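Good morning, and thank you for coming.

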Protein chains: 4
Amino acid sequence: MSTKRDDKDERKKEFIFAAMLEVAQKGLNNVTIDHIAVSAGIGKGTVYEYFSSKEEIFGAAMAEFMGQIEAIQARKLFRATTPPEKLKAILDSWVEVSETLGYEFMKLTIDIWAEGIRQGNPELSEVMNIKQVYYEYREIVSAIINDGINGGIFNAVDTKTVAGIFLATVDGLLIQWLIDRESMDIRKTADMLFQTVMQGISIK
Amino acid sequence: MSTKRDDKDERKKEFIFAAMLEVAQKGLNNVTIDHIAVSAGIGKGTVYEYFSSKEEIFGAAMAEFMGQIEAIQARKLFRATTPPEKLKAILDSWVEVSETLGYEFMKLTIDIWAEGIRQGNPELSEVMNIKQVYYEYREIVSAIINDGINGGIFNAVDTKTVAGIFLATVDGLLIQWLIDRESMDIRKTADMLFQTVMQGISIK
Amino acid sequence: MSTKRDDKDERKKEFIFAAMLEVAQKGLNNVTIDHIAVSAGIGKGTVYEYFSSKEEIFGAAMAEFMGQIEAIQARKLFRATTPPEKLKAILDSWVEVSETLGYEFMKLTIDIWAEGIRQGNPELSEVMNIKQVYYEYREIVSAIINDGINGGIFNAVDTKTVAGIFLATVDGLLIQWLIDRESMDIRKTADMLFQTVMQGISIK
Amino acid sequence: MSTKRDDKDERKKEFIFAAMLEVAQKGLNNVTIDHIAVSAGIGKGTVYEYFSSKEEIFGAAMAEFMGQIEAIQARKLFRATTPPEKLKAILDSWVEVSETLGYEFMKLTIDIWAEGIRQGNPELSEVMNIKQVYYEYREIVSAIINDGINGGIFNAVDTKTVAGIFLATVDGLLIQWLIDRESMDIRKTADMLFQTVMQGISIK
DNA sequence: CATGAATGAGTCTTCATTCAT
DNA sequence: GATGAATGAAGACTCATTCAT
């Protein structure tokens, strides 16, 4: 049985999806409340029943986007045990994220980067500090590489720097795909990237 | 002797620089013609003596930005002879671009990506097709790798894919730097990145 | 025993009180139906069970306010017998009104004046014609003064004009008090005002 | 010869007049920028060339209104020498203000009172603190009465209270006139008011 | 030529009113 | 009968663009 509370949450969720799609397609600054409302099938005024400002909508949309990504990644990482498997899992999780969420949604990434770099939006900075997110990613990857070194499978590289490189390649791949997805096979490229990095840091 | 034509060009150039800086700092959509005009030291109305629309201004600003990058890169690449040297030169050229143009200007990159991905702007698409730019880059790197394979220094890898990886690492590095330049040494990271990739594709 | 009808009237009354207070505090145009409903403890939609529009609410609130004032005045005037006593009673009744209803409620007066002057609101004009109210007040005071003249205690003044003056002093006192109640003792001022006016019109 | 500066000031002034009239007629809260712009014969956007917000417009309009009143009063008071003359001058100055500015403009007074009582508008509080204005008026009248007492023409009354009464009657008269100007002769009433007060406080 | 004053289309946001439950 | 979710008309404000000087 559905309660009113559930209904409201449901509608809010639907609206957030509409917002995500609109923002992904047109960019954070080219989207109007009106557009989103129409695409969500509700009246303009109704938007303000769920959110108190445009900024709040965007915050919610981005948080939802990040949340979905994290959920997919958590599933992937769960099964990985050895350091190489874990690194592969991180890489693959992004491939899966792209495939699961789809190209149209993934375009949101560019706005997330733009916000992270510009930081002009307090509302967004609040729900999601990109610097912090990147820092945490780097820590996780660093720890995995360190485990590999201690386990005698990776060379004694500078873990922080290598972690940075690893994550950079992931982002770089994403950009390439976003700009021109026809001209690349993301899965094949990711596999080769993994081999390359492994060869670069593994003990022969 | 300076002609009127020169004066006009000079003014236009100064305005484009002002536009570049404003856009880089605030983002394409948060910049007003008025702001740029003031910061360029001319009247708002005068802007329309040089450009016929806001879009055209941004097109010119981005073209100028890309042109500066190309100029720096051309100097670097000129001296490189062997395939590894050439790849290193491409990577280093980006480090030098970052250092030469500086953080504030480099933020323009995010808008270039956004435009490239969104392609909602016909005016910009006309002066600068990012897909095309990436395609050409990939061709150049592919050719270099191919030379390396033919010369017996690189393994017989899938050149297009490896070229994509190589360029992805460059972009990825740039993003990391743009998001949090304090927490990374771009030159050191680039060096290690190069070593890693080389180990991955070089014949032992 | 309370009937349904009584309950409804009760609710309506409570709502009107809430409306009075809200309007008095924030002003006619800065009050929302929602605010009043919340402060009255009922749902926004329920308001329209009792009133058909915002204007009607304000009409009812103002009528209620005027009614309360009249009730207080009627009690006062009831005991007065001689013309001077009657005039004093009118003056005192306003002091008592201020003290009984309190500052927060009395601020409604400014909106009543504003409406009376502007008369842009047909709904309000209908339930309460301020011109008419003032006209009647003037008639009453005129009659009292006339009685005094006929009784040989007041000079043969222009009764209508003096009545106007008398009422003007009452309003003026109220304004002073509304604007800056800390810097005046309304009772003391009223007493002195009465003496002054009496000296002005009484036969020595 | 008119300079640009003069032209701009001129236009601004004209706009302020239009704003004053609109506000006086419809009330502070029922006036839209659009209305004022149309009535001033300029475009909506142009308004923001002269003022940065609606509040600023109202602040300017009220300051202008108060300024005009002060100018008229200053002229009147200039010639008065004895205390009774001075009090008469103050009273007459208000009559002249009403006649000079006219009924339509004088309605602004009600909004000034409302603002003074509600004080919800920081922009307006800044340009004109009504409490302060009333305080100063009271000081001036007090001093005049005190002079009269010292000069042996007025009884030893409580000057502050009498000053309050005097000013209250002025305001009260204004309200009566604003609410129903047909039913009173403001000049005749003011004259009688003055006689009454004089009889009340003058030594026989 | 250069300018900035003028403009109105476009955007966010509020809120009285309606209506399905 | 009571409710609050939904709505769109209305209003403040921004800014690219035009144009008279």
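I shall begin with the conventions, then turn to the DNA, and end with a protein interface.

This is a predicted model, in which local features need pLDDT of at least 70, side-chain atom pairs count only at pLDDT 80 or more, and totals for chains, interfaces and linings use all residues. Residues are numbered from 1 along each chain as its sequence is written, chains are lettered from A and ligands numbered from 1 in the order in which they are written, and side-chain values use heavy atoms, with hydrogens and water left out.

Let us consider DNA strand E. It is surrounded by 30 residues, a residue being near if one of its heavy atoms lies within 4 Å of the strand. Among the closest are A:Lys54 and D:Arg11. At the bases, a side-chain N or O atom of A:Lys44 is 3.4 Å from a base oxygen, while a backbone N or O atom of D:Gly45 lies 3.3 Å from a base nitrogen.

What do chains A and B share? The contact takes 47 residues from each of chain B and chain A, where contact means heavy atoms within 4.5 Å. Across this interface the rule finds six salt bridges, each a side-chain nitrogen of Lys or Arg within 4 Å of a carboxyl oxygen of Asp or Glu. One salt bridge joins the side chains of A:Arg118 and B:Asp111, at 2.6 Å from N to O.

Key: Polar contact = N/O pair within 3.5 Å; in protein donor to acceptor, adjacent residues only side chain to side chain.
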